[in-house]
Every structure is written in C-alpha cells, then in structure tokens.
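Please look through the structure shown here, following its parts one after another. The paragraphs below are meant to be read with the model in view.

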Amino acid sequence: MFNLLFLPVIWVAMRKGYAGVALALVTIQLTLAVVTAFVGYNTTDFAILQLLMLVLSITGLLLGAVTTERQDAALRLREQKRELARILSNARAGAMGMALAHEVSQPLSTVATYLHAARRLLQSGVASEPVMDALVKAEAEAHRAREVLERIRDFVSNGNLNLEALDLSAIAQKIVALCGEEAAERGIQVEVESAGPVPPVQADRVQIEQVLINLVANAIDAASERSDACGRIIIRIATHADAVAIEVEDNGKGVAPELADNIFDAYQTTKPRGMGLGLHLSRRIVQRHAGRLWWEPITTGGARFVVELPTNGCGHNAA
Ligand code: ADP
C-alpha cells in the first residue's frame, strides 16, 4: 500500500518543485507517525516504513529539485527575453534620435549662421537690406527644418511619401543656392550641368532635397580636403531610359578603401564628428521612391554619387 504514495509525491514534485514536495513529505511523515501510534506497529514494521519513507523522500526531493531548476531556468529565460526587448526598443529609439539630429542639425546651423550675420550687420550699422536678406534666409531655413521634422514624423507614423511632379533641374539650382555659400567660404566652386529639359519625376520634394543636401555636404567635405584650393563640385542632371539621374561629383580624395563596400550601411564614417547616417538614410529615401543611389570612383580623383529616379512615377511606401 505504501507504494501508492509514490504517485501523488511524484505529481507534487513535478508540479510544485522542491518546496512543495518537501512540505508533502513532512505531512506524510507526520501522518505515518500518528497512524503508527494508533495502530501500534512493532519496531521492525516501523523501521521498514521509515526505510520506504526514506526512498520516497529521496525520489520526491530529487524530482522536486529538477523541477525547481527547470522552472527557474524558464523564469530566467523570460526575464532575459523581456530585457532583450527593452534593449532593442531603446536601440530603435536611439537610432531614430540620431537620424533626427542628423537631418535637423544642418538647417539649424544654417539658421544660426544667417542670424549671426544679421547681428554683425546690425552692429556695424549696415543698411537694412542685407540684414533683411539674412533674416529672410534664416526664416526659410527654419521652415525647412520644420518640414524635415514633419516628413520624419510622417515617415515614422505611416511611411507616406508626399508625391508631386518635380523638376530636378530646378531642385539642383535650389541646392546650389542653399549650399553654395558654404562651398564658396571653403574655396570650392559648385556648378550645375544640364543637357536641356528633363522630364518631371513623381517624388517627395523635401525628402529628395534632403538626399541632395546630404550628397553635396559630403562632396564639400571631400573637396575641401584638397591642398591646392582647387575644389570643384559638379551637379549634373542626365536623362536615362525611363529615369532621370542627378549626379554629384567632386574632385576630393575619393571614398576611403575601407568604406568602398559598405558606405551605405548605417554608422559608417571617417569624420571625427560624423554620424555615418546621411548616405544610409539617403539610400532608403531613394529606394522608397523606387529609385537607386550608388557611387562611382573618378579615375582622376574624387567620387560621383548618382541618384536615379523613375519618370513613370512609381514611388511606393515600402520601408
Ligand atoms: P557622415 O558624413 O556623417 O560621415 P555619411 O553617411 O554621409 O555620414 O558618409 C559616410 C562616409 O562616406 C563619410 O564619413 C565619408 O568617409 C564617406 N563619403 C561620403 N561622401 C563622400 C565623398 N563625396 N567623397 C569621399 N568620401 C565620401
């Protein structure tokens, strides 16, 4: 009859673990002691019962220990999974913060430059026209920063592109107006080359401008590292079959060999204060427009980055 006790003890050990089975065994032992006292077993019978109790206890406790260990491991695994999910969501938030900082820092620094210029002009008592000009430019840049933020918000919330018919030649001229001053200050000449009228492309104006500003800012950095002050950037518009391409070409030092294959991956940078996100985000934007972004080395030195956008207007919302 004693052997029947094995079944509930095993069940308790597997369900409740070490603590549960220990409690069950103590209860059984106490019950046995009470029953023995009532029935009046002799010493030999009591010794046999205790021996069986010992075997039952060892079996129950071993099983209970294994169960408790398994339950602890499952708990640890659940905690690790929760921790991993927390780390991943922090990393995503961090990457988004970095992207935001990258996209907005450029217009904000331009605003600061124009405001600084306006203050200097006011201090030196210059007529109001140049001051007004600097303030109008600062205001336009501040609007652009807000547009960039709104586009990023749209991008994150529903991934929509604000498509409109774009004239890439006009956009190239606008980029030169935006970046030309900085290039000139760093002794770099910027030119636009276009072989006649180009067909319009369906694209998100702010996002495409952002891509081109990234490419031209990189070209300015590369060309300004020349020692002979002969830095030159050409923004070329070309018509391809079913597509229009904008090339940004510089005569700088060229792409560093270690970046040749992974320049579009996130966080690849050779600049001390670079974030390595501009090209990564730019390629994502162009791909969302069903276009392509690639780079080519220039044999005489320098690099050419090419944005190709389809003219059949197949911008889509894939991430
Ligand atoms: P960041 O400018 O913050 O470094 P990017 O993604 O825009 O990030 O650029 C990544 C890296 O690609 C740069 O650090 C630079 O080494 C390289 N690169 C980009 N454009 C050029 C270029 N026109 N010529 C040479 N190297 C370039």
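The protein is divided into domain 1 (2–82), domain 2 (94–158) and domain 3 (163–310), with bounds that come from an automatic or database domain assignment. Between the C-alpha centres of domain 1 and domain 2 the distance is 74 Å. This is a predicted model, in which local features need pLDDT of at least 70 and side-chain atom pairs count only at pLDDT 80 or more, while totals for chains, interfaces and linings use all residues. Residues are numbered from 1 along each chain as its sequence is written, and side-chain values use heavy atoms, with hydrogens and water left out.

The largest nonpolar core has 39 residues, and those with the most contacts inside it are Leu212, Leu215, Phe305 and Val307. Such a core is a set of buried Ala, Val, Leu, Ile, Met, Phe, Trp, Tyr and Cys residues joined through side-chain atoms within 4.5 Å, where buried means under 20% relative accessible area, exposed means over 50%, and partly exposed is in between (1.4 Å probe, protein chains only). The elements that give two or more residues to this core are helix 4 (168–185), strand 3 (201–204), helix 5 (205–223), strand 4 (232–240), strand 5, helix 6 (278–288), strand 6 (292–297) and strand 7 (303–310). Helix 5 supplies the largest share of this core, with nine residues. Helices (H or I, at least four residues) and strands (E, at least two) are DSSP runs, numbered from the N terminus. Apart from this core lies another one, of 13 residues, among them Phe2, Val12, Leu25 and Ile28. In soluble globular proteins, nonpolar side chains tend to be buried together.

Valine 307, leaving aside its neighbours within four places in sequence, is in contact (heavy atoms within 4.5 Å) with Val211, Leu212, Leu215, Val244, Ala245, Ile246, Val286, Arg292 and Leu293.

The partners of strand 7 can be followed in turn. Strand 5 pairs with strand 7 in the antiparallel sense over eight bridges, pairing being counted if DSSP finds at least two bridges between two strands. Aspartate 250 has alanine 303 as its bridge partner in strand 7. Strand 6 also pairs with strand 7 in the antiparallel sense, over six bridges; here tryptophan 295 has phenylalanine 305 as its bridge partner, and arginine 292 stands opposite glutamate 308. Strand 6 and strand 7 form a hairpin with five residues between them, and glycine 301 in the turn has a positive phi of about 110 degrees.

Not counting residues up to four places away in sequence, glutamate 249 touches Arg232, Ile233, Ile234, Arg236, Ile298, Ala303 and Arg304.

Isoleucine 220 lies in helix 5 and counts as buried because its relative accessibility is 1%. Beyond residues up to four places away in sequence, isoleucine 220 touches Cys179, Glu182, Ala183, Arg186, Ile188 and Ile233. Alanine 195, by contrast, is found in the loop between strand 2 (189–194) and strand 3, and counts as exposed because its relative accessibility is 76%.

The ligand has 18 residues around it, of which Asn218, Thr269, Thr270, Lys271 and Met275 come nearest; a residue is near a molecule if one of its heavy atoms lies within 4 Å of it. Helix 6 is followed by alanine 290, whose phi is positive, near 60 degrees.
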